[in-house]
Amino acid sequence: LGSRISDALRNMSNAMLVDDKVLNDMLKEIGNALIAADVSVPLVLNLRKAITQQVNMEEMAQGINKRKLIQTAVFQELINLVDPGHKPYVPVKGQTNVIMLVGLQGNGKTTTAGKLGYYYQRKGWKVGLVCADTFRAGAFDQLKQNATKARIPYYGSYTETSPVVVAADGVDKFREEGFEIIIVDTSGRHKQEEALFEEMAEVAEAVEPDTTIFVMDAAIGQAAQDQAEAFRERVDVGSVIITKMDGSAKGGGALSAVAATHSPIVFIGMGEHIDQLEPFDASSFVSRLLGRGDIMGLVSKLQDAGIDQQPELLEKLKQGVFTLRDMADQFQNLLQMGPISSVMSMMPGMSSSMLNSGSDEESARRINMFLSIMDSMTNEELDCDVKFNPSRIARVARGSGTSVNIVSSLLDEFKRFAKVFKKMKGLNMNSRNGPDLS
Ligand code: GDP
Ligand code: MG
């Protein structure tokens with residue numbers, strides 16, 4: 001999946017002028033990849049529409065600005081999907097906050113109850129756990145174990161069979177004792193069935209939760225949307241916790257569910273242990289969905305350090321100049337931005353031999369080698385004021401401890417860059433002080 005999306009973006013990077021066809025091809029690719037990551041089909045279609053609307057082809061300048069606008073639009077639209085536009089319930093200090101967890105069996109409610117309790121307890125809240133799962137044998141023991149490990153007070157019963165009674169008793173007890181956060185763990189069923197929803201509604205009525213959190217397994221896939229909607233119809237879902245994000249699931253189903261229920265994700269579960277719960281971060285969730293590193297970070301880094309943010313370089317390009325020194329500057333930027341392979345794939349003009357040179361470390365090594373070769377060049381060479389004849393090439397190779405072949409490959413790389421930049425800006429690179437590398 002990751003490679004499909006980066007391929008799509010890379011193809012777009014290589015296409016000099018981004019036109020409607022390039023945009024559509026890219027959106028098709030990204031759409032297919034998202035569907036493969038369990039994002040629901042209607043959602044993907046809407047997403048494509050939204051991106052096309054956001055990217056007004058006529059109004060935009062040509063070249064890299066447009067390309068970056070499209071990339072930013074793709075990520076922004078995905079972020080919008082997981083941001084329903086309203087804030088989740090935030091517990092209030094100095095009062096009792098009742099949080100009820102709902103969801104199908106095995107999705108991680110009981111585990112999450114412990115994690116959530118631990119999270120708030122560490123932040124200084126007085127927390128209690130209530131086990132309202134009288135359906136599953138051993139449910140109370142499981143909650144008790146988690147609570148004991150974290151030294152969180154708990155309430156449950158081995159004898160009472162009504163979840164409504166246990167829930168009400170537990171919440172009353174903790175409320176009277178001045179607990180600030182009371183987490184009510186409820187039972188699930190293997191399927192959505194009437195008995196589950198009935199019980200859930202009754203427990204909710206008895207404990208009057210300040211917020212209800214829908215707990216959902218990241219691996220649920222295309223069924224997520226249905227399931228989330230079914231729960232929301234029966235209980236007032238305020239927010240969502242996605243569990244098992246440490247597994248192989250990309251969370252596309254979860255994203256669809258959130259989009260369908262308009263409930264914000266508050267935490268994600270990253271393992272079975274009590275401390276493996278992380279506050280939700282939209283951009284890293286979307287990055288994970290896309291199967292790449294921190295793409296949003298990358299996009300903003302590109303915006304910080306990108307070519308069109310460098311007025312000096314832009315000015316020189318306008319004058320028709322792109323020199324070896326400029327390429328060296330670009331490489332320096334690249335090394336600072338990292339992860340190098342992802343940044344490189346977004347940089348126009350990168351040859352496939354550079355892109356496919358292996359791991360980040362290898363890419364960095366290669367770029368550093370090029371930089372040290374350029375260190376061995378004279379100012380007039382870097383400024384492309386002189387022609388690189390064989391004796392200069394040999395001198396630079398000696399000076400940098402490389403070889404004539406490597407220096408030549410650097411010059412080839414430069415030729416590619418120069419050509420791309422020329423096309424990008426519609427400039428004639430040889431008009432003034434242009435490189436003569438023939
Ligand atoms: P419940 O039936 O909804 O209460 O689900 P449980 O809390 O009993 O969890 C079901 C299984 O999922 C247990 O084996 C948990 O250890 C596991 N589990 C829950 N959350 C996570 C998570 O974030 N990551 C991983 N890897 N496992 C989890
Ligand atoms: Mg449970």
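The model is predicted, so local features need pLDDT of at least 70 and side-chain atom pairs count only at pLDDT 80 or more, while totals for chains, interfaces and linings use all residues. Residues are numbered from 1 along each chain as its sequence is written, and chains are lettered from A and ligands numbered from 1 in the order in which they are written.

**The sheet.** Select the strands (DSSP runs of E, at least two residues, numbered from the N terminus). Eight of them form an open sheet in the order β3-β2-β4-β1-β5-β6-β7-β8, with mixed pairing; two strands pair if DSSP finds at least two bridges between them. At the edges are β3 (154-155) and β8 (277-279), each pairing on one side only.

Next, select β6 (residues 237-243) and β7 (residues 265-269), which run parallel and are joined by three bridges. Here I242 stands opposite I268 of β7.

**The helices.** Helices are DSSP runs of H or I, at least four residues. Select α10 (residues 252-261), which lies across β5 (211-217), β6 and β7 and runs at about 175° to β6. Angles run from 0 to 180 degrees between N-to-C directions, and axes are lines fitted to C-alpha atoms, for helices over the stretch in contact (C-beta atoms, placed from the backbone, within 7 Å).

**The ligand.** Finally, select ligand 1. Which residues come nearest to ligand 1? Of the 17 around it (C-beta atom, placed from the backbone, within 6 Å), these are G108, K109, T110, T111 and G269. Helix α5 (residues 109-122) gives the largest share of this shell, three residues.

Note on methods. Contact = placed C-beta atoms within 7 Å.
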